[in-house]
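Trainee: Could you take one part of this protein and walk me through it slowly? I'd like to see what it touches and how its neighbours are arranged.

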Amino acid sequence: MRWDDYRQSDNLEDRRGGGQFAGVPGGRGGLGIGTMVALGLLGWALGIDPRILIGGAEMIGGLGGGAPTQQQSSGPPKDDIGRFVSTVLAMNEDVWTKVLPQQGNRRYQAPRLVMFDGVTRSGCGTAQSAMGPFYCPNDQRVYLDTSFFQEMRRRLGGGGEFAYAYVIGHEVGHHIQNLLGILPKVHELRQRVSERESNQLSVRVELQADCFAGVWAYNVKAMDRIEPNDIEQAMRTAEAIGDDKLQQAGRGTVVPDSFTHGSSAQRMRWFNAGFRSGSLQSCDTFRTDNL
């Protein structure tokens, strides 16, 4: 992925403490981050709320959670991973500022992205590394501990710059859903249905965010920023984080009714739907015959 000569976003909050991970520039490990991420991945695979596992581990041995840090660096990041995240965020801003008004009849209001170490505060409660990257509609921010990129490569088999960009693009995709009014409607509906139906709605939300990330990638390719193996990286990552693959690895069995993000095949299919068409209209995952 060609990003070195691209601008950086002004919508990034850097709450990290500094330092480096081996093999992944930038980001500070901090006490217990690796364990917290491992517990989060385990919970994801087993269908257990990772906060339960983390809370239990803290009670038994302590993970050094402490008070959420609110340290924030001024100015654009200077480390490689910080610059990369800021640049990918800028690419999302430039694409969606053009595409959303054209295709969605909405003005794009850029979200802020918060990089943090271990734990921080969000408008949706405490953000922890083990939760993985997420979008909070309450404060319209994406939260990212960049140690997740190392865990992607080491534990999930997905990695590479464009794979990391796909993760950011997916979370910005949730922001697009929020701007289009999709997230509030789904949230309201999930309060009135069974757990199984709620999980199905969650899958449709996540697959649509994958498709929106594909629309973003379509436009990045048109900007001549994508290299030949980039899409393969994104596909490997989408396959690695499918519910079926994670459940098979964690439980030894697959329970489709408990899926919340979609199978590997579904995640790859919907990213490709957006990437091949470049159209939001190709991302209607809420049609009952469309999964």
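**A close look at helix α5**

Mentor: Let's start where two helices touch: Glu161, Phe162, Ala163 and Tyr166 in α5 are in contact with Asp230, Ile231, Gln233, Ala234, Thr237 and Ala238 in α8. Sort the residues of this contact by class and you get six nonpolar, two polar and two charged. Keep in mind as we go that this is a predicted model.

Now for the geometry. Two packed helices are described by the angle between their axes and the distance between the axes. For α5 and α8 (residues 230-240), the axes come within 7 Å and cross at roughly 60°. As for handedness, α5 passes α8 in a right-handed crossing.

How covered up is α8? Mostly: eight of its eleven residues are buried. They are Asp230, Ile231, Gln233, Ala234, Met235, Thr237, Ala238 and Ala240. Compare that list with the contact we began with, and you'll find Asp230, Ile231, Gln233, Ala234, Thr237 and Ala238 of α8 in the contact with α5 and among the buried residues too.

On the α3 side, the contact is made by Phe84, Val85, Val88, Leu89, Asn92, Trp96 and Leu100. On the α5 side you'll find Glu161, Tyr164, Ala165, Ile168, Gly169, Val172, Ile176 and Leu179. By class, the contact of α3 with α5 has twelve nonpolar residues, two polar and one charged.

The structure holds seven aromatic pairs. One of them is Phe134 with Tyr143, a stacked pair at 5.2 Å centre to centre with 15° between the planes. Phe134 is buried, because its relative accessibility is 14% and the cut-off for buried is under 20%. Tyr143 is buried too, with a relative accessible area of 1%. Tyr166 pairs with Phe271, and this pair is edge-to-face: 5.4 Å centre to centre, with 85° between the planes. Tyr166 lies in α5 (residues 161-179) and Phe271 in α10 (residues 264-277), so the pair ties together parts that are 105 residues apart in sequence. Both Tyr166 and Phe271 are buried, and together with Phe275 they form one aromatic cluster.

Let's follow the chain past α10. Thr285 sits in the segment after that helix, and it is buried, with a relative accessible area of 0%. Leaving out residues up to four places away in sequence, Thr285 touches Arg204, Leu207, Gln208, Trp270 and Leu291.

Finally, step back to the protein chain as a whole. It comes to ten helices and six strands, and buried residues make up 53% of its 291 residues. Look at contacts between residues at least 6 apart in sequence: 74% of them join residues at least 24 apart.

Methods:
Residues are numbered from 1 along each chain as its sequence is written. This is a predicted model: local features need pLDDT of at least 70, side-chain atom pairs count only at pLDDT 80 or more; totals for chains, interfaces and linings use all residues. Side-chain values use heavy atoms; hydrogens and water are left out. Rings of Phe, Tyr and Trp (its six-membered ring) pair if their centres lie within 6.5 Å; planes under 30 degrees apart count as stacked, over 60 as edge-to-face and the rest as tilted. Buried means under 20% relative accessible area, exposed over 50%, partly exposed in between (1.4 Å probe, protein chains only). Helices (H or I, at least four residues) and strands (E, at least two) are DSSP runs, numbered from the N terminus. Axes are lines fitted to C-alpha atoms, for helices over the stretch in contact, and angles run from 0 to 180 degrees between N-to-C directions. A crossing is left-handed if the near helix is turned anticlockwise from the far one by less than a right angle, and right-handed if clockwise. Contact means heavy atoms within 4.5 Å. Ala, Val, Leu, Ile, Met, Phe, Trp, Tyr, Cys and Pro count as nonpolar, Asp, Glu, Lys and Arg as charged, and the others, Gly among them, as polar.
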